[in-house]
Amino acid sequence: MTASNSNSVLKTESLKIGYRKKNKVNLIAKDINIDINPGELVAVIGVNGAGKSTLLKTLSGILQSIDGEVFISNNKLSKTDPSDLAKNISMVLTEQLLSKNLSVIELVALGRQPYTNWIGRLTKNDLKKIMHAIQLVNIEDIKNKKCHELSDGQFQKVLIARALAQDTPLIILDEPTTHLDLYHKAYVLKLLQKLSKETNKAILFASHEINLALQLCDKLIILKDKKALFGNPQELVKTRAFNDLFPGNLIHFDQESSSFKIK
Amino acid sequence: MLNQRKYTFSIILLFLAVILTGLFNISLGSVNIPISEVISSLLGLEVEKDTWKYIIVNYRLPKAITAIITGSGLAVSGLLMQTLFRNPLAGPYVLGLSSGASLGVAIVFMGASVFGASFAVILLSKWSLVIASSLGSLLVLFAVILASIRLRDTMAILIIGLMFASLTAAIVSVLAYFSPASQLQQYVFWSYGSLGDLSWDEVGILSLFWIVGILISIGSIKNLNSLLLGEQYARSLGTNIKKNRFAIIIATSLLAGSITAFAGPIAFVGLAVPHLIRQIIPSANHITLVPAVIFGGAILMLLCDIIAQIPGSEYSLPINAITSLIGAPVVIWLLVRKRKFNF
């Protein structure tokens, strides 16, 4: 696969992430080399404070990197202007919305903003993309409801539909499964897997659901000891990358079943 | 956006209501003029009595236009502030603009006793009032803009605006403490607000500020909608947060600053009208809200002005008291009746 480099959606070269405070640098992780291709579902995992959100913020351009380079569709992230970036990366965040008084369809329609004119007029093509996004996540039945009438699980699907309507080669989700029960966690992650295959979009998400991610993802990014390990789940299991993920010996990784167990 | 067609009808109704209340506003007063005569006069046709025409052209019409500008301008600033600060309690006053204007005016009225008599002679003319209150709001505006450039957090700007408000209020009360009753009274009268004292020249200047402020607001509609998702989402949609925030603050300052300068610190309208409109039109989309709030603000102000005149009598009440006397019960009634707070 010599051409794999040219259609990479997201690539980093010896990326260092962290926070700058005046002259001091608070390094979160270094040596991050990842390469994500269209149609791949990738999870970022790590303990609390390992830097999952910092990584996602850096990859999406919210936060500046300490060193190294991020490439979005083979263009340097640092040289991409915000309106172009909005056509390349869409996001599902944990941030609270200002208004849940929007209807589902209105919220999904906001995903078309990077493409609309100065006052936000939707063209026929925009409407088509909005309807398509709504069908993909299967929320036609609630499309005219107001967002404050939805359950957490439904609302998460709506946010995913909004990101789909933005029609970007890469979708980044920050902990899309928090506040959901086990069934809905599995449902949302399964939905992401389905979407990545059906739309050929790369989907990157941070999650604490390691067991689910191991079963569903094409690749994983493990953040531990200020470093990032990147590879497909089988490889990572073989190299025993999970064995010392958590401190102490409360939980251990069972090589055979590829899952975490309580001792 | 979608589903907006069903609100187009409501907006047209609101617009017609503006025209209707405008006609009533011009028709009613210490001398009642028949609506038909008002219409002929406005269309430049023959009017039964020349005095009517004189009253309409020189008093009632500029007053009605001032009411429309004041109501719509303050209401739009309120809407912009509520979305920008993600806070249903926000209004034009939260940036400290009205307080800045009040400080300017307080210095003009009451500064004489503190700074000496010659000071008063220079300053006590009608234009000096306008200039002083504009300078006051501008001063606060620059402080807020400086803060907004330095600060990344919108909430911090809100706090700074409120701090400026109490700071200027404190200076005003110190001035008031040292002022003789007559000067204090002048200040108090200004603070009641007034729509009727404007000449056509002044209405012209006020309209200029209003047009610029309204145009910036309309240009911000798309970005205001993206802010409904929160700042991070807005950024991910390609919105330039700082530029957008700057535009919104400028629009609000132009509107609230110029209106306070010419019509006094009119409270309540900026805060209440967006909530009234949201109860009537349950949409969060600014493409609906901005025009609805413009018309709603104009209607409320025209109605309040009619009541303040007490039609058929010689007396008139302070407009600032009427806006709250009428507006507050309406907001309470709507909230209680619908049992739901749309924001």
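How many residues does helix α12 of chain B have, and how far does α12 reach from its first C-alpha to its last? Before I answer, please keep in mind that this is a predicted model, in which local features need pLDDT of at least 70 and side-chain atom pairs count only at pLDDT 80 or more, while totals for chains, interfaces and linings use all residues. Residues are numbered from 1 along each chain as its sequence is written, and chains are lettered from A, with ligands numbered from 1, in the order in which they are written.

Helix α12 of chain B, residues 241-263, has 23 residues and reaches 32 Å, close to the 33 Å expected at 1.5 Å a residue, where the expected span is 1.5 Å times one less than the number of residues. Helices here are DSSP runs of H or I with at least four residues, and strands are runs of E with at least two, numbered from the N terminus. Of the 23 residues of α12(B), 17 are buried, so this helix is largely enclosed by the rest of the structure; buried stands for 20 or more other C-beta atoms within 10 Å of the residue's own, exposed for 12 or fewer, and partly exposed for values in between, with C-beta atoms placed from the backbone. After α12(B) comes B:Gly264, with a positive phi near 90°.

Positive phi also turns up in chain A, at residues other than glycine: A:Lys22 has a value near 55°, and A:Asp225 one near 50°. A:Lys22 lies in the loop between β1 (10-21) and β2 (24-32) and is exposed, with 5 other C-beta atoms within 10 Å. A:Asp225 lies in the loop between β10 (219-224) and β11 (227-231) and is likewise exposed, with 11 such atoms.

Turning to domains, whose bounds come from an automatic or database assignment, chain A is given domain 1 (1-88 + 171-179 + 204-263) and domain 2 (92-167), and their centres, taken over C-alpha atoms, are separated by 26 Å. Between them, 10 residues of domain 1 are in contact with seven of domain 2, contact being C-beta atoms, placed from the backbone, within 7 Å. Strand β8 (residues 170-174) supplies the largest share of the domain 1 side, three residues.

Finally, between the chains, 29 residues of chain A are in contact with 26 residues of chain B. On the chain A side, the elements giving two or more residues are α2 (82-85), β7 (89-92) and α3 (104-109).

Methods:
Two residues are in contact if their C-beta atoms, placed from the backbone, lie within 7 Å.
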